[in-house]
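Here are my notes on this model. Please read them with the structure open.

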Amino acid sequence: MRTTSIGDVKVLLPDLEPDDLDTTTELADGLTEALVEGAGWRGSHLEDVSIRSSLITGVDLSESTWEAGSVYGCEIVRTDFSGATLTGIAIERCAITGSRFTGTRFTDVRLKDVLFDGCRFDYSTFQRVAAAGSVAFTDCTFTNGAWSSCRLRSIALRSCELTGLELDSCHLDGTDLRGSRLQRLKTPLDNLRGVTLGEDQLPDLTQLAVAALKLTVRND
């Protein structure tokens, strides 16, 4: 069993052996125990497709549409999901690294034992995204994105860039935000109820409170 710990969050990861996987560039109706490198699947329409126990590297899934289905036990590396629409899918026991989700739309997506490391989510939208188990984002960029009605309790959001991220009606109780940049985060303070911060983030939190409460701060 392969695991990693991000703060207090312990994520169960896939344990794949590339030599045991079958090389392919065809998506067809899904993948099981596949090794995919550099495939061009831009603009694909996927419905109720499942990918299991596969290693996917350098694939182009930009502008694709994926409705229902699941991703289980996979490693996804340097893959482009820019402009994609992901609706009603479940992602479980996956490690996703160095991948691009610029402008990607996540709706009703369920996450469990998922690590996102070094990924770009700038201008992406999360709507009703839920963590059903351990989830961690490390060194990710969420610049100018928007999260609405998400249930992401007790996840790790460590060392991430959150500038311009908008939060609306989100539940992040117990989420570890240490090391993440909170400057110009756009959110009512209720969305940050119960999160964990580092002492060095308190000045940023103060600025958020001043802006949210429309306070006037004077030196005289």
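What share of the contacts between residues at least 6 apart in sequence join residues at least 24 apart?

1. Contacts. The share is 11%, counted among contacts in the chain between residues at least 6 apart in sequence. Keep in mind that this is a predicted model.

2. Secondary structure and overall size. The chain has one helix and 21 strands. Along the principal axes, the C-alpha atoms fill a box of roughly 70 × 35 × 25 Å.

3. Burial and surface. Of the 220 residues, 47% are buried. The chain exposes about 10,600 Å². Carbon and sulfur atoms supply 43% of that area.

4. Cysteines. The structure holds zero disulfides. Cys140 is in none: its nearest cysteine sulfur belongs to Cys119, 4.8 Å away. A disulfide here requires sulfur atoms within 2.5 Å, so the Cys140 sulfur does not pair with that of Cys119. Cys140 is buried, at 1% relative accessible area.

5. Cys170 is in no disulfide either. The nearest cysteine sulfur is that of Cys150, 4.4 Å away. Cys170 also counts as buried, with 5% relative accessibility.

Methods: Residues numbered from 1 in each chain as written. Predicted model: local features only at pLDDT ≥ 70, side-chain atom pairs only at ≥ 80, totals over all residues. Heavy atoms only, no water. Helix = DSSP H or I, 4+ residues; strand = E, 2+ residues; numbered from the N terminus. Buried < 20%, exposed > 50% of the residue type's maximum accessible area, 1.4 Å probe, protein only. Contact = heavy atoms within 4.5 Å. Areas by Shrake-Rupley, 256 points an atom, 1.4 Å probe, with all protein chains shown as cover.
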